[in-house]
Amino acid sequence: MTSPQQPQPQPQPERGPHDTGAQEQPVPAAPPMPPTAPPAQQGTPPQAPPAAPEQPAQQPPAQQPAPAKEAGTMMLQAQQAPRPLAAHGPGKDPGTMTLQAQQAPGQPAPAPAKEPGTMMLQPQQAPQPLAAHGPGKDAGTMMLQAQQPPAQAPQPVQAQQAQAPQVQAPQPPVPPHPQQPYAGGPGGYVSPLPVRPTHLGHALASEWTKIRSVRSTIWTLGVMLLLIVGIGLLASLAAGSDREMDPLLGVGFVGVLLGSLCVITLGVLSISSEYGTGMIRTTLTASPSRVRLLTAKALVFFTLALVLTTVATTVVALLDSALLNGPAPTTDQWLRATLGAGLYVALLGLLALSVGALLRHSAGAISTMMGVVLLPMLLALFLQGESLKDIQRALIEYSVPSALAALYDIPFLPTGPSGWTPVGILAGVTAVALGGAYAAMLQRDV
């Protein structure tokens with residue numbers, strides 16, 4: 001919608017011989033719609049034909065009225081400057097909007113305008129037959145006229161040529177992304193980060209990070225080292241160098257037996273804690289292969305327990321050799337008192353990890369492993385009848401404390417396993433339990 005134009009001063013018409021000397025009123029711009037034929041002014045000869053009065057000559061071209069529409073049509077126009085003529089109706093404030101309907105000839109004049117900015121519906125007067133107003137339309141029709149946008153200047157030929165689409169040269173084929181084989185197909189998502197296929201090494205690194213970054217590992221292994229080394233040192237100092245000890249390295253047995261309880265606890269917590277907190281879902285999302293996951297856990301824990309226990313037993317064996325008096329131990333006795341004891345304790349921890357994977361409950365798995373270690377010896381103490389002697393002897397010979405004592409050449413019964421046999425027995429039991437843990441992880445959901 002264009003803004004209304006301000007009225008411009010009109011030139012004074014020439015006086016005729018019959019004028020009385022009073023100046024005529026200045027004729028402003030045409031109203032929004034052409035009015036009916038005005039009456040002939042005084043002193044002016046009648047015009048022919050009367051239905052088409054002559055348009056005032058002093059009207060500027062910029063203020064020509066809009067073409068007349070059909071009678072009864074609807075138009076939305078901006079109110080121009082107020083008109084002083086009574087035929088055009090009372091003046092309106094500049095900027096007001098009027099909605100007019102085309103009026104048939106002979107109808108009364110439109111109603112006066114309301115306040116500025118209001119919308120009003122007015123009947124359109126009879127159309128003028130002037131050529132400037134356009135051809136007349138049928139009375140009674142309604143139309144809504146929209147403001148036509150100004151015509152745009154044609155663009156230069158050079159600009160039109162510049163806007164013409166340019167033909168691009170064919171691009172060379174893009175080589176496939178190096179990570180495309182892992183994206184799930186040619187149309188799959190390719191991560192901007194480097195993606196490599198996972199393997200056992202990644203699972204081992206993940207399990208090592210988890211087991212060394214939790215506080216339970218520090219506390220349990222710290223207590224284990226304190227028990228093995230501390231009790232071994234106290235036993236060596238209590239025995240003194242006056243007594244002859246045979247075997248010389250048998251003093252460290254008590255500390256290793258108590259330290260193995262800490263390793264058992266850590267073995268259970270290394271897997272059952274993830275089931276308790278729900279982190280096993282995140283672990284299996286990062287490593288979907290459950291066989292690889294359990295293998296990585298078993299390898300990391302077994303290696304850690306074996307190394308720390310072997311170091312602790314070696315320190316105790318060196319202290320016993322320096323502080324005690326007795327026959328020098330053989331190479332086999334050195335190996336069984338150091339590497340053998342460390343291997344036996346590590347296997348106990350791996351057995352505890354397998355039980356934790358089967359039960360998936362920390363308290364239940366720890367209680368079960370404590371019963372496996374201590375319960376046979378406690379039951380043997382209450383089996384005193386003659387008919388129960390064989391059962392009592394078997395419980396003592398194959399119990400964990402007696403098997404661990406056999407590694408130090410101090411078995412509870414001389415008929416029980418000796419040498420490296422206890423290690424082989426425990427390895428077989430651990431292999432069976434670990435196989436059950438693999439089957440349980442493959443068959444059961446998390």
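The model is predicted, so local features need pLDDT of at least 70 and side-chain atom pairs count only at pLDDT 80 or more, while totals for chains, interfaces and linings use all residues. Residues are numbered from 1 along each chain as its sequence is written, and side-chain values use heavy atoms, with hydrogens and water left out.

**Overall picture**

- The protein's secondary structure amounts to eleven helices and four strands; these are DSSP runs numbered from the N terminus, with helices (H or I) of at least four residues and strands (E) of at least two.
- Of the 446 residues in the protein, 37% are buried, where buried means under 20% relative accessible area, exposed over 50% and partly exposed in between (1.4 Å probe, protein chains only).
- Among contacts (heavy atoms within 4.5 Å) with a separation of 6 or more, 71% are between residues 24 or more positions apart.

**Nonpolar cores**

- A nonpolar core here is a set of buried Ala, Val, Leu, Ile, Met, Phe, Trp, Tyr and Cys residues joined through side-chain atoms within 4.5 Å.
- The largest one has 57 residues, and the members touching the most others are Val256, Leu294, Phe301, Tyr344, Met369, Leu404 and Tyr408.
- Elements giving two or more residues to this core include H3 (215-239), H6 (290-323) and H11 (421-443), and H7 supplies the largest share, 13 residues.
- Another core, of five residues, lies apart from it and includes Ala239, Met245, Leu248 and Val251.
- Leaving out residues up to four places away in sequence, Tyr344 touches Val400, Ala403, Leu404, Leu407, Pro422, Val423 and Leu426.

**H4 against H5**

- Helix H4 (residues 253-277) packs on helix H5 (residues 279-286) at an angle of about 105 degrees, with the axes 5 Å apart.
- That makes the pair roughly perpendicular, a label for 65 to 115 degrees; under 35 counts as roughly parallel, over 145 as roughly antiparallel and the rest as oblique.
- Axes are lines fitted to C-alpha atoms, for helices over the stretch in contact, and angles run from 0 to 180 degrees between N-to-C directions.
- On the H4 side the contact uses Glu274, Tyr275 and Thr277, and on the H5 side Met279, Ile280 and Thr283.

**Arg360, a loop residue worth a click**

- Arg360 sits in the loop between H7 (331-359) and H8 (362-382), and its phi is positive, about 60 degrees, although it is not a glycine.
- Arg360 counts as buried, because its relative accessibility is 17%.
- Its side chain reaches the backbone oxygen of Asp445 at 2.8 Å.
- Beyond neighbours within four places in sequence, Arg360 is in contact with Tyr275, Val355, Ala440, Met441, Arg444, Asp445 and Val446.
- Arg360 and Leu269 are 91 residues apart in sequence, with 9.7 Å between their C-alpha atoms.

- The peptide bond from Asp246 to Pro247 is cis, with omega near 0 degrees, and Pro247 lies in the loop between H3 and H4.
- Asp409 is a residue other than glycine with a positive phi, near 65 degrees, and is found in the loop between H10 and H11.
- With a relative accessible area of 31%, Asp409 is partly exposed.

Notes. A polar contact is a pair of N or O atoms within 3.5 Å; within protein, one must be able to donate a hydrogen and the other to accept it, and residues adjacent in sequence count only if both atoms are side-chain atoms.
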